[in-house]
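The following questions concern how structural terms are applied to a protein model. Please consider each answer alongside the structure shown here.

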Amino acid sequence: MRHLAAMLLAAIIVCSAAGAQDSVREPLISPPLVFSSSQVKYGLFQNYLHRYMDRPLFMDKATRDRDVLTDASFHKIMGHAKMYGLDGLSILIGTPGMVYRYERALEAVDTSGRDDFIIMPRIGVAKDITYLDKTLTAALAFPHSLRVQGRLLCGTYHTDGLTPEELATMLADLRAIHGDSFLYMAAVNADMYDALKQFQATGAVEEETAEAIKARWRSYLDVADGLVSPSVGMMRRQDRGFDADFYANFVVPTITGVLSEPGYEGKYLEMMATTGYYNFMSGSTLLEEGTKTLRRSFEIAMSANPDVIDMPEWDELNEHTCIEPTITNGLTTQRIINYYTHILNGEAPAPNEGDDTSIPNLVVSYRKALTLGEVLQIELLNIPDGTQQQPYQVAVTLTNDASEPVRSFDPVTLDPGLLADQTLELPTEEIAGEMLLRPRVTVRMADGRELAYATGLHHITLRPTDNWDYKWVKQPLRDILRPNAASFAVLPSAGTVGSRHIVGHIECDEPLAFVEVLENSDEIYGVDPASEYPDAEDQMLLKVTMRAMQKQGDLKGSMWLEGPPATIHTKTDGRYHFNQGDRLEMNTNLSVWPRGTTFSFAREQAERATVVLDFGILKKRIPVRNVLRYGVWSETEGNGVTVTLEDFRRLPDITSHVDAPSADIDFSFTPLRPHSIFHMRAIAKSGRIYRSAPVMVAGVEPGELVDLDVYSDSQHKRVTVQVPAGTIPDLNYDLDPENGSLLYTNAGRSFWGQIGGRTVDVTGRGGGESGSLGDPFRNGGAYPADAPETAPVYVDEDDALCLKFDGLGNYLVFPREMTPRRGAWTLSVDIKPTSDKKQTLFTHYGHYTGSVTIWLEGGEIHAKYTDQYLNTSFQNPGLVVAVDQWAHIEVHFDLETMTISVNDQTSEAMPATGPGLYIGTSVFGGHGGGTEYFEGYLKALRMQHQS
């Protein structure tokens, strides 16, 4: 069994001897226990729509209740974990607030009737042991906690938040209460980043660094009962790929070597594995690379002869580290881990229950959205399950939206007995001008059978400049739903200008859970047998969102719709919301978290309706007619207090299960950006997924072909391609007080900005768990604590309508990819500064720092640019921007240089290498807790996605 694990590792990774030590650790638990960690805050019932890039595959609204964790949901989750061959879940209890969720999870296991499900507590560290004591009390009383030789075995993370001496005190205090009833494994990451950099530079870790790491591990082992391997998430190459070589050839031999030393042989070892790390706040910080990161990290973990293998994180949707089945991952991760757990347990691999074994256990994976210049990779992975004996061939062809072949790849051969992939590659600059690709997969079996998958697979969006979706879609062929009949069409509509009539039908041989329509991967419609929300054609669904820059205090009072009779779609929870029928009473606080409700009422009465907010810290009356112009109205006042109204035509919440083998779709919708791509998705209760052929709606005329600079990942340089002019975003923002605090551009809603608020409120996408993750001002230190106003005000200056900035904290915020990370761009602004202080004009900054910052200092304009490899260049052309005078400023970036002009003076091209550091939002006016905010007037702002 152990030899097989080593053979699996050797098949994937060519190991170097650099830094390796000859040591074989004898495991204390054999076979190793396998877990995935969870914070148990993501159930199968929450409304994940529009805030995340993915959601659980097996969602069921029937498991919803008032609690953050419900028995009905968790019982299903337990069953899913056992499908993987996992021993159970590890549960993170890193703060006092997490104890309640942990206790609820234990209660849910108790009521499940399952004796084969283990919970491993992953406890934090603290000098105040109150919550740790409470955690251990619950764990020790729970019969299904992980125990080894009668003692509770606990994992952790960030143990080195305490010194070894402080940890010894913490453990002694806990053992004074609970005796020698538990074991504690320490997670220590100190010095690992230095070791990684040295290893990547020379192929080895300097002896001094390696000895410091081993000494640090020993110091914790002297007081703890084992080690948790360093975080796999930080083991990344410069290109953000997983550094398997470092994990295999330094971490494993070093950590097993220490644990083989005299005195440490009885200490436990937990190794980590991961799928990757992607979030909508920054992009991929550890690439998934299809399934390669998961497979390589898991096999390396196996090679260490660990006692426990744990994977972060079962259900972390903010970071897309999900191990659980999700819509974009399907059952791919389950099939891979199930294979490994069979091997670890000395069992022959087996298919999933219900599998059609006449289809090979083949997974087709690729990024579902890219920008020009990236390399499209299509991973074809075979997972052995003992049902196939002869090699088979796979051929892939890419077609465009007109079903014309764009590229055909040579067929590849896969051995059904090997866990191995063949990955096809295509530099996308070679197919410039295409914006929509459809993979067609043909499998030729050894017996002559041919399996064709022309529909059912996810399409690929290829935009010239912008993208913030780095997620791979992973599709086992056995899990593709093959309907008996299906149709989908996007037709012209006689209603609103630009509106489309969308119709669809599907019928199959198994019950369906969800049938939905998506625009650009966002759910806009769902078949709902419960009819929870009225038809948006006749009824307006008015979503009201309140939010603040920082916590403003108690939000106590009522909100209602004055005028037409309305239904409030927020149920009483007995704690924060009390639905009184004609008004909603609230007792919560106003902070970065979104607060509000959704009203529904007759659309024809929108002109005479008014939203009334009657709270102690927020009193407003907002006419609903304001929302009719663009579908969104927003206004910002005070310290970033923003109220946003949306004519919500998208799917408001997950629907109840269809629970029937067929469904129909018929509704109207206006595309939210030019060249939107629509498709129908059906998810069966079995987890099988069908995706219709996509339909792209142009929205604007493509226009003549023009040159566009893109960065070629295959050639590692800027290249020039030709694309239709109408496909390049041109963001000319409309500074108009009739729009409230909305900054409108006809390039589409995904580019709309906000005056002094938060961009997610006007774009309607992203934000994650809190609804504000990824915002440049999410961190309280990113904004001056004493600034009186976040929003500049509209004024007339020199016979022009302008925004006046106070220099203290006024700003405009723009969404992700307003400044494209991988694209060329031109920023132009017309400003009149009224101070000669150092002040920020524009910065690309999201949750993390981004690529470009432009500022004024000493009467001159400056810039700095940081590329994806953290190389920073400074641009100081010596151009004067005079106080109290208008200046037209243009900044041109072509992925190699930056050129700046002020009025009629233009700089030389200055070095500025792209692509940029992260995806992220952009800010005009300033960022941070200091005083460097723009003081003066702005009368025009435009961002073009070409240099």
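Q: How many bridges join strand S27 to strand S32, and what makes the two a pair?
A: Strand S27 (residues 539-547) and strand S32 (residues 595-602) run antiparallel and are joined by 8 bridges. Two strands pair if DSSP finds at least two bridges between them, so S27 and S32 pair. Strands are DSSP E runs of at least two residues and helices are H or I runs of at least four, both numbered from the N terminus. One of the bridge partners in S32 is Thr598, which faces Lys543. This is a predicted model, in which local features need pLDDT of at least 70 and side-chain atom pairs pLDDT 80 or more, while totals for chains, interfaces and linings use all residues. Residues are numbered from 1 along each chain as its sequence is written, and side-chain values use heavy atoms, without hydrogens and water.

Q: Why is Thr727 called buried?
A: Thr727 has a relative accessible area of 10%. Buried means under 20%, exposed over 50% and partly exposed in between (1.4 Å probe, protein chains only), so Thr727 is buried. Thr727 is found in the loop between strand S42 (717-724) and strand S43 (730-732).

Q: Why is helix H9 called roughly parallel to helix H10?
A: The axes of H9 (residues 292-303) and H10 (residues 332-344) cross at roughly 20 degrees and come within 11 Å. Axes are lines fitted to C-alpha atoms over the stretch in contact, with angles from 0 to 180 degrees between N-to-C directions. Angles under 35 degrees count as roughly parallel, over 145 as roughly antiparallel, 65 to 115 as roughly perpendicular and the rest as oblique; therefore H9 is roughly parallel to H10.
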